[in-house]
Amino acid sequence: MSRISVIAALAAGIVIPSAVASATWDVVNLHPAGAAASVALAAADGMQAGEALIGDIFRAGLWSGTATSWVDLHPDGASSSTVNGTHSGQQVGFAIIGGTVRASLWNGTAASWVDLNPAGATNSNAFAAHNAQQVGRANVGGSNRASLWSGTAASWIDLTPAGATSSIAFGVHSGQQVGLALFGASSRASLWSGTAESWIDLTPAGALSAEARAIHSGQQVGLAVIGDTTRASLWSGTAESWVDLHPAGATISRANAIHSGHIAGEAFIDGVVNASYWNGTADSWINLHAFLPAEFISSVARGVYSDGNTIFVAGFGVNTATGRSEALMWVIP
């Protein structure tokens, strides 16, 4: 983003922390030609993943840093599909086939599609992948069950802890999984190591509810509801390790992704949803929305990746000039 864009953001009344003002975040619009809408929901290994609305069908897709790099992963026979996560050449999400939402796995092409929907499940969805493991949820017996797969529907493992009425797994890394488990009316941020019995409650003391949305190298991110405020959250494996990432002035914040200590999510400021970046503390918050052109009225960050030199944040924003949601990537060396 140019200095002119920063000045324009200031003139519009958007608060820009000093860390943002001294940094240069470039924005890449990933919206593919011919699409009526698009969103990026994940980033890893130089790739971005999500969906694009093409010909009245939401189609799972993959980018490699530019709008023209779009690869359509939509499987034959599906009425809709989405990629929620990507890692090491694998993509996960869902495809609706025959009216059923089916957890799905790809390896970079539409033809590589694998149906992960386990036997007995009425529907399912996959949210993240790492080292040949995939996580998500499967609806079995009328409730969602946090789910772990190893590349096939038959490999399905139910991670739901004893006493929970339902659960969902949102993230996976190095044999650990994160998500939520519902006990009565309370959602508990959850950490597993491959079995239901390994469940650890990450919910911090005093929280009404919490959920963990992503994990990397022993750190977990998500949200906790403290009082009446939803607060972006960081953990290091225990409830006691909880770090409040909620930025000053925000009414709501959520952390959606983490990679090597880099955190992406969103914060509501003066009624506007702002794509956000953190580096471990509330004070490190950077308002990524401030780097967008003025026609974008809201934005969300859903994925983050660093190659050790450059940080890539994937997400989307609502563009009033085009009247659509557009997949975006923020980049800083």
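**Figure 1. Confidence along the chain of the predicted model.** The mean pLDDT of this predicted chain is 93, and 93% of its residues reach 70 or more. Among the elements of the chain, strand β20 has the highest mean pLDDT, at 99, whereas helix α1 (residues 3–11) has the lowest, at 27. Over residues 1–21 the pLDDT stays under 50. For this segment the model has 26 contacts beyond four places in sequence. Where pLDDT is low, the predicted coordinates should not be read in detail.

**Figure 2. The largest nonpolar core.** This core has 17 residues. Those with the most contacts inside it are W25, L288, I311, V313 and W330. At least two residues of the core come from each of the strands β24 (272–278), β26 (296–306), β27 (311–319) and β28 (324–332). In soluble globular proteins, nonpolar side chains tend to be buried together. Which residues does V313 contact, leaving aside its neighbours within four places in sequence? The contacts of V313 are W25, A264, L288, A301, G303, V304, L328, M329 and W330.

**Figure 3. The salt bridge between R59 and D72.** Side chains of opposite charge can pair when their charged atoms come close. A search of the whole structure finds eight salt bridges. In one of them, the side chains of R59 and D72 meet at 2.6 Å, N to O. The pair links distant parts of the chain, 13 residues apart: R59 belongs to strand β4 (residues 57–63) and D72 to strand β5 (residues 71–72). D72 counts as partly exposed because its relative accessibility is 29%.

**Figure 4. The salt bridge between R231 and D244.** The closest N and O atoms of this pair are 2.7 Å apart. With a relative accessible area of 25%, D244 is partly exposed.

**Figure 5. The salt bridge between R254 and E266.** Here the closest N and O atoms are 2.7 Å apart. Because R254 lies in strand β22 (residues 252–259) and E266 in strand β23 (residues 262–269), the pair ties together parts that are 12 residues apart in sequence. Are the two partners buried, partly exposed or exposed? E266 counts as buried, at 7% relative accessibility, whereas R254 is partly exposed, with a relative accessible area of 21%.

**Figure 6. An open sheet of four strands.** The strands follow the order β14-β15-β16-β17, with antiparallel pairing. Strands β14 (166–173) and β17 (200–201) stand at the edges; each has a single partner strand, so one side of each is left without a neighbour in the sheet. Strand β16 (residues 186–192) pairs with β17 in the antiparallel sense over two bridges. L191 stands opposite I200 in β17. Strands of a sheet pair through backbone hydrogen bonds, either parallel or antiparallel.

**Figure 7. The surroundings of T203.** T203 is found in the loop between β17 and β18 (207–216). T203 is buried because its relative accessible area, 6%, is under 20%. Beyond four places in sequence, T203 is in contact with S187, R188, A189, A210 and A239. Which side chains make polar contacts with the side chain of T203? One is the side chain of R188, at 3.5 Å; another is that of D201, at 2.8 Å. T203 and A129, 74 residues apart in sequence, are 24 Å apart in space, C-alpha to C-alpha.

Conventions
Residues numbered from 1 in each chain as written. Predicted model: local features only at pLDDT ≥ 70, side-chain atom pairs only at ≥ 80, totals over all residues. Heavy atoms only, no water. Core = buried A, V, L, I, M, F, W, Y, C linked by side-chain atoms within 4.5 Å. Buried < 20%, exposed > 50% of the residue type's maximum accessible area, 1.4 Å probe, protein only. Contact = heavy atoms within 4.5 Å. Salt bridge = Lys/Arg side-chain N within 4 Å of Asp/Glu carboxyl O. pLDDT = per-residue confidence, 0-100. Pairing = 2+ DSSP bridges. Polar contact = N/O pair within 3.5 Å; in protein donor to acceptor, adjacent residues only side chain to side chain.
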